[in-house]
Every structure is written in C-alpha cells, then in structure tokens.
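Work through the exercises below with the sequence and the model side by side. Try each task before reading its solution.

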Amino acid sequence: MGAAARFIFRRRGSNGRGKGWHWTDIVTWVWLVCGLLIMFGPAVWLGFSSFKTPAALAEFPPTILPYVTQEVRVEGYDKPLALYEATLEGGGTRVLAEVRRIGIVSQMVDPNAPGEIIKVNIADRAPVRTMSFATENYTQPFVQFDFVQYLWNSVFVTVMATLITLVVNSMAAFALSKYEFRGRSVAMLIILATLMVPLSVIMVPLYSIISTIGLFNNLWGVILPTVATPTGVFILRQYMLTIPDELIDAARMDKASEWQIYWRIVLPLAAPALAVLAIFSVVWRWNDFLWPLIVLSRRELYTLQVGLSIYAGELNVQWHFILAMTVVTMIPVVLVFIFLQRFITTGIAGAGLK
Amino acid sequence: MGQIKLTNVKKSFGAVDVLHDINLHIDDGELVVFVGPSGCGKSTLLRVIAGLEKVTGGSLEIDGRRVNDVTAAERGLAMVFQSYALYPHMTVRQNLAFGLENSKMPKAEIAERVGEAARMLEIEPYMDRRPGQLSGGQRQRVAIGRAIVRRPVAFLLDEPLSNLDAELRVSTRAELAALHARLSSTMIYVTHDQVEAMTLADRIVVMRAGRIEQVGTPLELYNMPANRFVAGFIGAPHMNFLRGDIVEHTPGTAILSLAGGYRIAVDPGTAPVTDGQKVTVGVRPQHLTVSRDTASPKVRLGLVEALGAETVVHGEIYGERLMAVLPGQQGYRPGDEIHLDLQAAPLHVFDEQDLRLFSTAGAKAKAPV
C-alpha cells in the first residue's frame, strides 16, 4: 500500500492505534463520502449525461452511464432495427430485431433469418443495451450553431476584461497603498462600500449609460462596466501594503519615475495577488450571464453563457446540447483552478482575506 | 564635489516637530556620522537630506545649490538602506543597473560601471542571483554596490550594519572605512552604535530629540563632551555621574565636594564657577583606578563582570551607582569594598543645566578601551 493510500485509509481505531473502528472513524467516513457525492455527483452526472442521446436523457429510470439500445441492419429493411433479448413462449431466449410494435405485441425478426416474423409480448423482451457516447452532442453545436463564435466572444471578453481589470485595479491599489494623501482611507472605504451594491440595483442606470455612449450590442459594453472591482482593489491594496516602503524610496533614489516604480517594482512584487485577481476575474467574466444578456441582443455577439440559453426554446429544450456545452464552458474554469490553485491559496492568505 | 549645508532645517509631521533648527556644514569627502538614541531624528535628518522627506523650514544646499524643492532623484545622492531595500525580483546585476538604466545611460557604460563595482566589492560570483539567495553580508555589499555605480555626490548610509552579526559587522566596518578612503567622496552615516561612530567618523554629530547636541571629531567628543548627554552617550560603558558642589574657588583651583563629603581640588581653567554651585562630576569607568589610600572614596561592589582582559565592577559610592573598568583579572567578589582613586582620573564637570563647565586632564590618563 502506498503512502497516499495509507494516509487516506488511516483511522483512529477502537483502541486509538488504528485497529478496528472508532465511532469518529465512521462519522468521518460517512460525512466525507456524502460530501464527495454532493460535490462531485452533479458534475459526474453532467459529464456522463452530456454524452447521452435525447432519448436516453428522457429515459426513466435514469442511468448514470450513457446507454443506447443496440441496432442492427437487417436485410429487407431500410432502417436499422433495435435489438432485443426476447423470452420465447417455449422457453429460452433469443436476440431478435424489432420490426414494429402493435399494441402490446412486438413483431420481431431474427437478424440471421430475416424471413420469419416472430411475435413477442412486449413484457417479454428487454433491449440489448450497449454503452455509447453521443459525441455528436459536442460536434453538432460547433458545426450547426454559432458555438465557435460564442466561444470566441467569451474568450475575448474574458481576456480583455481581465487585462484591463489587472491594470486599472493595480493602479488604484498602488495609489491607495503607497501614496499619502488626504482622504485616502475615505476613498478606500467608499470603494469597499460599493461591495454592498448588487448588480440588480445598478442594472438600469448602468444600462442607460452603456446605451447612451453607444456600447449597446458591443462586446466593450460587456467588458468596461466590470473592470473596476472593489474586491480587486482590496486584494491588491492589502498585498501592496506588505511591500516595504524602503523599496520605493530606494527606487526613487535610483531615479525611477512614479510610473517606473509602479511598473517595474510594485507590479512584479504584487504578482501573487495579481494572479489571484486574474483567476477571479477569469472565472467571473467567463461565468457572467445577466449583464451580457442585457447588453447583447444580436446572436453573433453572444457569449457562451448567453448562447447556452438559446438551446432552451419556448417549446423544446435541447438538453443534450445544453449539457454538452455546459461541460465545454466549464473546462477553462476547471483548468484555471487545477493549475493555479496554489496561487489562489497563497494569494488569498497573503491578502489577509477569508 | 559633495558639500552639504543645512541652515535652520526644520521638519515636522503634522503638529509633531521632529527636527528643530539643524545647522550643519559637511565638507567634501568627509565621513560624518549621525549618532543618537532611537527616535532622536537622525534617520529623519538623513531622509530629509536624501529628499525622501520634504523640508518644512530652513534651507538645504548641496554644492551651493539650494535643493529644498529638488526631488530625491535629482539631488545626485545615493542611499544605502537599513533593510538594504534590494529589489527582490531582480538579479544582483539588474539591481545594480536599475538606477543607471533610469538615467538613460548607454548599455556599454552601465555594464562597465556594474562590472567595476562588482570587482571592487567582490560580488562577481553571484551577479546573476536574486537577493533572496544571498547571505546578509552579501546583500549588504550589493546594497553598497548599488550606491557606488551611481557615482553620487554623496553617500547616505542608514544604519547599514545593524542587520549583520557582530563579527561581520566589525569586518564590514573596516571595509566601509577602506571604501571611503578609496572613493574619497562625502558619506553621511547614521547609526545608534557609538562604537561604529567612533571608529568610522571624521566628525560625529550627536543628536537628541531632533536637535544637534554636539558636532566634533570622535576624540573631541570623548575628551570634551559639550554636555552631560554627549558625555554619557559617547564611550562604553557610559560615564559615571556623581553629584557635588563647588565649595570654594580661587583662580586656578576649585574645591569640589562630592555628595559624601569627599573633596577634590581641580583646575577649572577659565570656567565661570561660583562658590556653592551645584555641579555634576563625570568620570569615565576606564579612568578609575584602585587606590591603596584608605582616605579615597570607598565603593561597595555589586556585580563583578570578569571579562578576562579587564574586569567591570558595578558598585555604589555615596549612594550613587558607579561603574569602573579595571585592567586584568582582579578577583573581586560582590560585597567587597575597594577604594577608587578619583584624584588621578580626568574629570568632567557639568553645571546645573548639564552644560560642561570644564574638564581636567587627570594625573595619569589610561588609554580608552
């Protein structure tokens, strides 16, 4: 047993020496297993379901894995026929292909002897099922719909918004952490106070501003209102406060201009906090739904999240596409967390945030 | 080039006055040490000269040019910070080059100057390391190197040795002295360590509570402290102070009576003394010697610190604490009583305002330890 397995499976034990089961071991296991199911169950269900055909999605009882009824081409029939395992009247079972169903009677043929029709009660047959991944759920939206366009829009919005967020917020944080001026703490408080104002409150005024300056139906209309975030300013400011002032004095003695101090000294040293803000910003902008939905009304401008909503029509919800594209939209966020989680923890700890 | 002149320089932070009327003239090539207890304003004065703090009154001139409103970058000074303040994300080479790049110097000249400083300070082997990968002593050298490459009008050093261990401090101190001799440029050095001040300085500026108490060469300060504060601050262990008064005087002699009634005849020189004047008599621990004469003041010993080469005894004389540094290994124990020879020691007599009235040469001055 490897060290990892020993670590995972170790327990307190009834005598405190790792043998037997103490009640806390049981509680811990139950608790953690439940947590695992609650956390990962939906994600796993989403992942597998995204590979199901519409028919398999509508099936009851639902299955975790994507099964389809096996089909076979039989001579004399144009369409492929579904295969069933039928229990015959004389006893014994045979694998037959269903030609048609009339009432409770299914007319079947043996694929190997297509001449003879065998009538079977539908209660006596069970579909022959096989696992099959409906990859067309993924390929179709890219081919048929404007999914590539949505993807590009989302990437554009996310990248631009994140870059501008980093520059704008770090400048504000630099001023608020390294310059002494009257009203500095008041300014910081006001910025923090805007955390209390939710988007739904400022939505209408924000909309009229955006539409007045002609950014309605423009990706910049999605980007610009989101770039200045109080959270970003706060994270960066708290981090920059830990950069010693002597470094900045040293840079001043070294004839650095204020811009050079910001660009060449403070920004590189604030890299851990910038990484955190970048991660946050990517996740926020990528997952944004409401504001892009408001600003963008032309299809070719839709971002992924807005684009996904059009699969839910008035009469018909194309669940298979929604599920598959949800998986696609999740991928960047998951990757960001997998590869950058080290930065998130150190950065958040460094910024003194919870 | 490198004259710095301060005339009535004042600095206040809001309502708090940190520096009061500082007048000081620093000559080209001089190594001046600002020394004083913590909070005396010596670092602030250095930052004011550097241009990192604005002067709130008076005038500051560098090479005859008034620089009150000139930015730190334009004053042509270089500073070595207490924490070294090396840019942690840059290599040693980049640290050295940063200031030169900012003044738009050609690349070839930057490389040449950086190389020269690296050779001078023997930091060539780790030019491509980051400050975090260097030891304290190496960082210190890089910090000095960053100042040297700039070829400044004057160097400002803010407690540059305080982060080094004792042994390294002594060797770096010697290197700094050698460096000053070699560069022969003006240096202003801030420290709270009076030994550093004594060993390095051409002139020492003793500060207290935002005021200059005395300016002078190390030995001037040691031999002729202007007031009781300077007397107590310069020299280790610090000077002993005994209360007394002048009971009578004639031109050329004055009779001092210590608190216990012990009388000493001294020469006040031209000092204005009056009969019955309350004075404080200062005597350095190193100048005290053991006397066989039982009429000499008696000291009951408390702590005895045997250091091998010398013995530091703490005791009580006429109800006042006293310390003496006696040569060699004396074998005294706490509780012993010894007699000390005050007549033979150089004495410093201060008036009630703690200003020095006069000093006596003493019969046989020992070399200071």
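**Exercise 1.** Which domains does the domain assignment of chain B give?

Solution. The model is predicted, so local features need pLDDT of at least 70 and side-chain atom pairs count only at pLDDT 80 or more, while totals for chains, interfaces and linings use all residues. Residues are numbered from 1 along each chain as its sequence is written, and chains are lettered from A and ligands numbered from 1 in the order in which they are written. Chain B has domain 1 (4-231) and domain 2 (237-359), with bounds that come from an automatic or database domain assignment.

**Exercise 2.** Describe how the two domains of chain B meet.

Solution. Step one: the centres of domain 1 and domain 2 of chain B, taken over C-alpha atoms, are 38 Å apart. Step two: 8 residues of domain 1 of chain B contact 10 residues of domain 2 of chain B (contact: C-beta atoms, placed from the backbone, within 7 Å). Step three: on the domain 1 side, helix 8 (residues 228-233) of chain B gives the most, with 3 residues.

**Exercise 3.** In what order do the strands of the 6-stranded open sheet of chain B lie?

Solution. The order is 6-7-8-3-9-10, with mixed pairing. Helices (H or I, at least four residues) and strands (E, at least two) are DSSP runs, numbered from the N terminus; two strands pair if DSSP finds at least two bridges between them. Strand 6 (77-80) and strand 10 (211-216) of chain B each have a single partner strand, so one side of each lacks a neighbour in the sheet. Inside chain B, strand 7 (residues 154-158) and strand 8 (residues 186-191) run parallel, joined by 5 bridges, and B:Leu156 stands opposite B:Ile188.
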